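Dear colleague,

Please find below the structure I am handing over to you. My notes on it follow directly after.

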Amino acid sequence: MVPSDLDFRRKPFTKLESLAAPIDLINLDTDIIIRIERLSQLPRGQLGPWAFEPLRYRNNGEENPDFILNQKPFREAKILITAANFGCGSSREMAVWAIQELGVRCLIGSSFGDIFRSNCFQNGLLVLQFSADEIQAMQAMADRGPFSVDLVLNQVQLPDGSKKSFSIDAPIRKALLEGLDEIELTLSRRERIKAYQEKMKSERPWIFQAA
C-alpha cells in the first residue's frame, strides 16, 4: 500500500511552487526510470530510492554526484524538466510510481511516451508539454529559482518572472484539481448518467426488458 502522503491520485493539484530539476537526456525510457528487477523485489511505496537508478548510482552503489537529483538544491525538486521522448519504452505504470515517490508532482517536457503520459495522468502526476526551444530555455534558468505551476490559471511562472500558458484536457484537469481517480471522476457525473438512463428507458424501453 502506498503511504497516504504519496498517493497523489487523491491529493488535489492546484498550485505548485518548487525548484525544477533539468534532466536533459533524450529517449530516457522507463527501464532507466525503474529497473525491472526492482519491480520484482519491491512493493509500491518502496520504489523511490531506486528511481533513475542507473543515473543516480555508480556501480559500487555510491551516489553519482554528476546526476542532478543528487545535487543540492535539486534533491527536493518537485518538478522535472525533461528532454524529448521522456518515458518511452515499456508501458510499466511503476515508472510513474517511482517518480512520485521522489516527491515529484509535475513533469515539463517537449514530448513523452504516449502510454507513460497516460499513466501519469491516471496517477495524478501533471504532465505539461512545451516546444523544444521553450524547454531548452526553461532548463537553462533552472538554477535561478523556483518555478510556479498554476493549474487553476493554466500557466507556469518561470524564475525570471515570465509566464507560459498551457492547455490540458478538461476531464484530466478536473480530476487533478479535485484529486479524483477515474472511478470518482465517473461518479461525479452520476446525475448526467442517471438522466441519460431515464431518457433511454423512455425512448427505447425494450433495451431494459428482462430476457
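**Findings: the nonpolar core and backbone geometry**

In this predicted model, leucine 107 touches Leu80, Phe86, Ile99, Phe112, Phe116, Cys120, Leu125, Leu126, Val127 and Leu128, with residues up to four places away in sequence left out of the list. Leu107 belongs to the largest nonpolar core, which comprises 51 residues. Phe52, Ile99, Phe116 and Leu126 join Leu107 as the residues with the most contacts inside this core. At least two core residues come from each of the following elements: the strands β2 (20–23), β3 (79–82), β4 (106–109), β5 (126–129) and β6 (147–150), and the helices α4 (94–100), α5 (114–122) and α6 (132–140). Helix α4 provides the largest share, namely five residues.

The peptide bond between lysine 72 and proline 73 is cis, with an omega of about 5 degrees. Proline 73 is located in the loop that runs between α3 (53–56) and β3.

Two asparagines have a positive phi. Asparagine 27, in the loop between β2 and α1 (30–33), has a phi of about 55 degrees. Asparagine 154, in the loop between β6 and β7 (155–157), has a phi near 55 degrees.

Is each of these asparagines buried or exposed? Asparagine 27 is partly exposed, its relative accessible area being 42%. Asparagine 154 has a relative accessibility of 18% and therefore counts as buried, the cut-off being under 20%.

Yours sincerely

Notes
Residues are numbered from 1 along each chain as its sequence is written. This is a predicted model: local features need pLDDT of at least 70, side-chain atom pairs count only at pLDDT 80 or more; totals for chains, interfaces and linings use all residues. Side-chain values use heavy atoms; hydrogens and water are left out. A nonpolar core is a set of buried Ala, Val, Leu, Ile, Met, Phe, Trp, Tyr and Cys residues joined through side-chain atoms within 4.5 Å. Buried means under 20% relative accessible area, exposed over 50%, partly exposed in between (1.4 Å probe, protein chains only). Helices (H or I, at least four residues) and strands (E, at least two) are DSSP runs, numbered from the N terminus. Contact means heavy atoms within 4.5 Å.
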